[in-house]
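Keep the viewer open and follow along.

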Amino acid sequence: MAATFYSQIGANKRNSFLLALVVIVLLGLLGSAIGYAMTGSTAGALAVTIGAVVFGALLSVGSYFAGDQAVLAASQAHRVDAESQPQLFNVVTELSIAAGIPMPAVYLIDDTAPNAFATGRDPAHASIAVTSGLLEKMDREELQGVIGHELSHVRNYDIRYALLVGVLVGSIALLADVFLRYTFWFGGGRRSRDDRGGGGGLQAVIFVVAILLAIVAPIIGRLVQLAVSRQREYLADASSVDLTRNPHGLERALAAIATDQEVLEVASRATQHLYFTNPIKKFEQRSRGLFSTHPPIADRIDRLRKLTGEAPLTPAEEQTLAGLD
Amino acid sequence: MNWPLIIVIAIVVIVILAVILLYNGLVQKRLRVDEALAQIQVQLKRRHDLIPNLVNAVRGYMEFEQKVLTDVTNARASAIAAGAQGPAAQAQAENVLTGALRSLFAVVENYPQLKANENVLSLQEQLTTTENQIGFSRQHYNASVLDYNTSIQTFPAVLIAGILGFVKREFFEAEAEAQTVPTVDLTLGGAAPATGAMPTAAPPVAPPAAPPAPPAAPPAAPPPAADAGASGDPNAGPPAG
């Protein structure tokens, strides 16, 4: 059944919101359990939760304001303008008009592996980087699809969204870590001095719950974070079609990049989630599915095909893409 | 404490605040529509300004193709004049200009020295991107109109929109002529037509009218690869974009 990019966009936004909600609830549960276990009161639970979030947020302030420059420097990107890269600049201009956002800064990475990323906390402070390999291997239509995808990340505030989810997940990890160390080192279970009647028994139970959560929550949080990342990738694909009104360009770009064997040298585990397709190809082969920041390329192509009512990829075609992914 | 009175006042204050927020939102959307409309004019003017350079760059090489050059120059003049005659006349004149440009680029295909000329290539890229920007400006205008019309017709803004003077805006729609395939006149100069110069079924710079339906045909906006030598590629379209 054919879909519209509007319905895909709607579904993606709902899914990412629900996933973020899961993380928030998880943080709330963990914080409450730990707080209550340690202090025996609900006020303590609240204090611990809020404290963890605030601390996690403070750690991320630097990333919020200077994160894009750090990422661009780490990727050895250099800025280009209309004279040095006319076609790239023009394509970014065209799609900025379609998206109704100010023109982002345009950067080039000297690498033969075709890829791209966008960074920046909002459309007014955004940057887009592409590799020279991408420019060589894509025709104009495909380039439009890729740039449309990246600009959609900017327009949908995905970088900010990812940072937010990252803060929450980081807070969960921090809280769990501190609590587990505390339990280990101090023999656990220091009861609150205002031990009221049956409070002791409940506190002990909550203490066990807290320990279990502290072990499990960071893993769940990380998995949810990766799921959010995948949802936003689908969203960026659908939003790119919203901009270009042409799924074929993006589809061809995805297929071309999937079958390209080159490795992007400047990418690392820290920056892989930002790119158009996962640049660390070996990693993606080893741990697909739940642990991947990007959805499988075959799925992305199938979703684009749904928009025009075309048949999805055949198993043989999927093999070709997956084998060389 | 007179509770009923306090509650009534609270409700009134909340309603007033809500109306203010809704009103500001609607004004912002309406202004965006106006801005998008103005931006289309910016792009059209850009195209008008680029054309004399292009004509001069190719004129020296194409002694036998004067008709094509004259067509482009005249179409440009008409398009500029039509700017003052309202959007319908302007759209029509601009479509004629697009057709003339396509003919010109199709003929350029026949001249290898011209095809490889840096100046011409750069101008070709400029015109391609301008065509795209015109298309995307119109698309963005339609997107703004959609957003605005949706806001004034859905709850809760629909309650106050009519009273406060917010009216529906019209989408930019392709002219009837724009739906027909442009013919490329290749009989000038007696040179054999290059196979790359195939008109596609896509209408000239006519943007999609924006109702939320799956894209029916590839829009005119994304043009082919800059390597205009790709002849016969169905996705490439006419070299002029």
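Read from the N terminus, the elements of chain B run α-α-α-α-α-α. That gives 6 helices and 0 strands in this chain. The model is a predicted one, so please read every value below as computed from predicted coordinates. Chain B has 241 residues, and buried residues make up 39% of them. Among its contacts with a separation of 6 or more, 77% are between residues 24 or more positions apart.

Chain A has 11 helices and 4 strands. Of its 325 residues, 53% count as buried. If you take the contacts in chain A between residues at least 6 apart in sequence, 70% join residues at least 24 apart.

**How the helices pack**

| Helix pair | Axis distance | Crossing angle |
|---|---|---|
| α1(B) and α5(B) | 8 Å | about 165 degrees |
| α1(B) and α3(B) | within 12 Å | roughly 30 degrees |
| α3(A) and α5(B) | within 8 Å | roughly 10 degrees |

Start inside chain B with helix α1, residues 3-59. How does α1(B) run relative to α5(B), parallel or antiparallel? The angle between them is about 165 degrees, and angles over 145 degrees count as roughly antiparallel, so α1(B) and α5(B) are roughly antiparallel to each other. The crossing of this pair is left-handed. Sorted by class, the residues in the contact are 19 nonpolar, 12 polar and 8 charged.

**Across the two chains**

Now look at where helix α3 of chain A, residues 86-99, comes up against helix α5 of chain B, residues 118-153. With a crossing angle of roughly 10 degrees, α3(A) and α5(B) are therefore roughly parallel to each other. In this pair, α3(A) passes α5(B) in a right-handed crossing. Chain A brings residues including A:Asn90, A:Thr93, A:Glu94 and A:Ile97 to the contact, and chain B answers with residues including B:Asn132, B:Gln133, B:Phe136 and B:His140. The residues divide into 6 nonpolar, 9 polar and 2 charged.

**The nonpolar cores**

In soluble globular proteins, nonpolar side chains tend to be buried together. Which residues have the most contacts inside the largest nonpolar core here? They are A:Leu88, A:Leu95, A:Val130, A:Leu134, A:Ile147, A:Leu254 and A:Phe276, in a core of 43 residues. Helix α3(A) supplies the largest share of this core, with 7 residues.

Setting aside neighbours within four places in sequence, A:Ile147 is in contact with A:Leu88, A:Val91, A:Val92, A:Leu95, A:Ile128 and A:Val130.

**Details in the loops**

The peptide bond from B:Phe155 to B:Pro156 is cis, with omega near 0 degrees, and B:Pro156 is found in the loop between α5 and α6 of chain B.

In chain A, two non-glycine residues have a positive phi. A:Tyr157 has phi near 55 degrees and belongs to the loop between α5 and α6 of chain A. A:Arg245 has a phi of about 55 degrees and is placed in the loop between α7 and α8. Are these residues buried or exposed? A:Tyr157 counts as partly exposed, at 37% relative accessibility, whereas A:Arg245 is buried at 8%.

Finally, B:Phe172 is in the segment after α6 of chain B and counts as buried, at 17% relative accessibility.

Terms used:
Residues are numbered from 1 along each chain as its sequence is written. Chains are lettered from A and ligands numbered from 1 in the order in which they are written. This is a predicted model: local features need pLDDT of at least 70, side-chain atom pairs count only at pLDDT 80 or more; totals for chains, interfaces and linings use all residues. Side-chain values use heavy atoms; hydrogens and water are left out. Axes are lines fitted to C-alpha atoms, for helices over the stretch in contact, and angles run from 0 to 180 degrees between N-to-C directions. Helices (H or I, at least four residues) and strands (E, at least two) are DSSP runs, numbered from the N terminus. Angles under 35 degrees count as roughly parallel, over 145 as roughly antiparallel, 65 to 115 as roughly perpendicular and the rest as oblique. A crossing is left-handed if the near helix is turned anticlockwise from the far one by less than a right angle, and right-handed if clockwise. Contact means heavy atoms within 4.5 Å. Ala, Val, Leu, Ile, Met, Phe, Trp, Tyr, Cys and Pro count as nonpolar, Asp, Glu, Lys and Arg as charged, and the others, Gly among them, as polar. A nonpolar core is a set of buried Ala, Val, Leu, Ile, Met, Phe, Trp, Tyr and Cys residues joined through side-chain atoms within 4.5 Å. Buried means under 20% relative accessible area, exposed over 50%, partly exposed in between (1.4 Å probe, protein chains only).
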